[in-house]
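Grab a pencil and open the viewer.

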Amino acid sequence: MIQKPMIIFGAGGHAKVLIDVLHGQSASLLGITDPDPRKRGENILGVPVIGNDDVISNYHNDSIELINGIGMIANEKKRQQIFCIFKRKGYTFANVIHNSAIISPYVELSEGIQIMAGAVIQPGSEIGTNSIINSRASIDHDVIIGDHVHVAPGVTVSGGVQIGDGTLIGTGATIIQGIKIGVCSIVAAGAVVIRDVPDGATVMGVPAKVVK
């Protein structure tokens with residue numbers, strides 16, 4: 001399969017990590033888009049900022065692939081919005097998977113997912129579209145992760161967990177087996193989740209409790 005040239009959204013830290021991964025895989029990177037006009041002409045790890053998102057329209061939707069370099073933080077939907085806007089225009093988002101990630105061949109990966117250095121994903125798991133499994137995250141067997149989810153660095157997700165769309169699992173959190181995390185929820189950094197989390201809730205602490 002011939003790899004298409006790629007354009008990356010966002011000139012921030014998450015994009016830098018993705019570029020580093022893609023350089024190691026000899027990907028063809030055309031440039032980076034960013035809404036901040038002051039960044040035009042800058043480069044990140046040798047990849048130039050070529051303008052705002054409007055420049056994507058200069059390329060036919062089957063001639064390039066897109067990389068969503070926008071990170072996901074609490075209550076921030078920009079990453080999801082970018083994905084949905086350009087999918088409606090017929091563009092494809094590439095998967096970015098670090099060479100050191102350990103992924104069972106019995107894992108289902110959707111479009112636009114990003115799996116970073118040292119992540120482990122065990123058999124029977126499913127990763128939804130536009131989701132991030134960040135550095136050293138551990139996803140055990142039969143875990144179902146929805147669309148637009150960010151599993152932050154160092155998270156441990158035990159077997160049989162379900163994580164709803166648009167949810168953020170903070171750095172170093174632990175989720176025990178069989179737990180269900182609702183849509184658009186937030187699990188704070190370092191939390192230990194031993195009970196189901198409802199839709200739209202924020203939980204924190206050891207054990208984790210709903211605070212919002």
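**Exercise 1. A parallel pair**

Which residue in β18 is the bridge partner of H150?

Solution. A bit of housekeeping before you look: this is a predicted model, where local features need pLDDT of at least 70 and side-chain atom pairs count only at pLDDT 80 or more, while totals for chains, interfaces and linings use all residues. Residues are numbered from 1 along each chain as its sequence is written, and side-chain values use heavy atoms, with hydrogens and water left out.

- Step 1: find the strands, which are DSSP runs of E with at least two residues, while helices are runs of H or I with at least four, all numbered from the N terminus. You want β15 (residues 150–151) and β18 (residues 168–169).
- Step 2: check the pairing. Two strands pair if DSSP finds at least two bridges between them; β15 and β18 have two, and they run parallel.
- Step 3: read across from H150, and you land on L168 in β18.

**Exercise 2. Around β4**

Find the partners of strand β4 (residues 47–51) described here, and say how each runs.

Solution. 

- Step 1: β2 (residues 29–33) is joined to β4 by two bridges and runs parallel to β4. Here I32 stands opposite V49.
- Step 2: β3 (residues 43–44) also has two bridges to β4, but these strands run antiparallel. I44 stands opposite V47.
- Step 3: inspect the hairpin of β3 and β4. There are two residues between the strands, and L45 takes a positive phi near 50 degrees.

**Exercise 3. Ring pairs**

Describe the ring pairs F9–F86 and F83–F93, and decide whether their members are buried or exposed.

Solution. 

- Step 1: set the rules. Rings of Phe, Tyr and Trp (its six-membered ring) pair if their centres lie within 6.5 Å; planes under 30 degrees apart are stacked, over 60 edge-to-face and the rest tilted. The structure holds four aromatic pairs.
- Step 2: F9 and F86 have ring centres 4.9 Å apart and planes at 50 degrees, so they are tilted. F9 is in strand β1 (residues 6–9) and F86 in helix α2 (residues 78–88), so the pair ties together parts 77 residues apart in sequence.
- Step 3: check burial (buried is under 20% relative accessible area, exposed over 50%, partly exposed in between; 1.4 Å probe, protein chains only). F9 is buried at 1%, and F86 is buried at 5%.
- Step 4: F83 and F93 have centres 4.7 Å apart and planes at 40 degrees, so this pair is tilted. F83 sits in helix α2 and F93 in the loop between α2 and β6 (96–97), ten residues apart. F83 is buried at 6%, and F93 at 3%.
- Step 5: zoom out. Ring pairs link F9, F83, F86, Y91 and F93 into a cluster.
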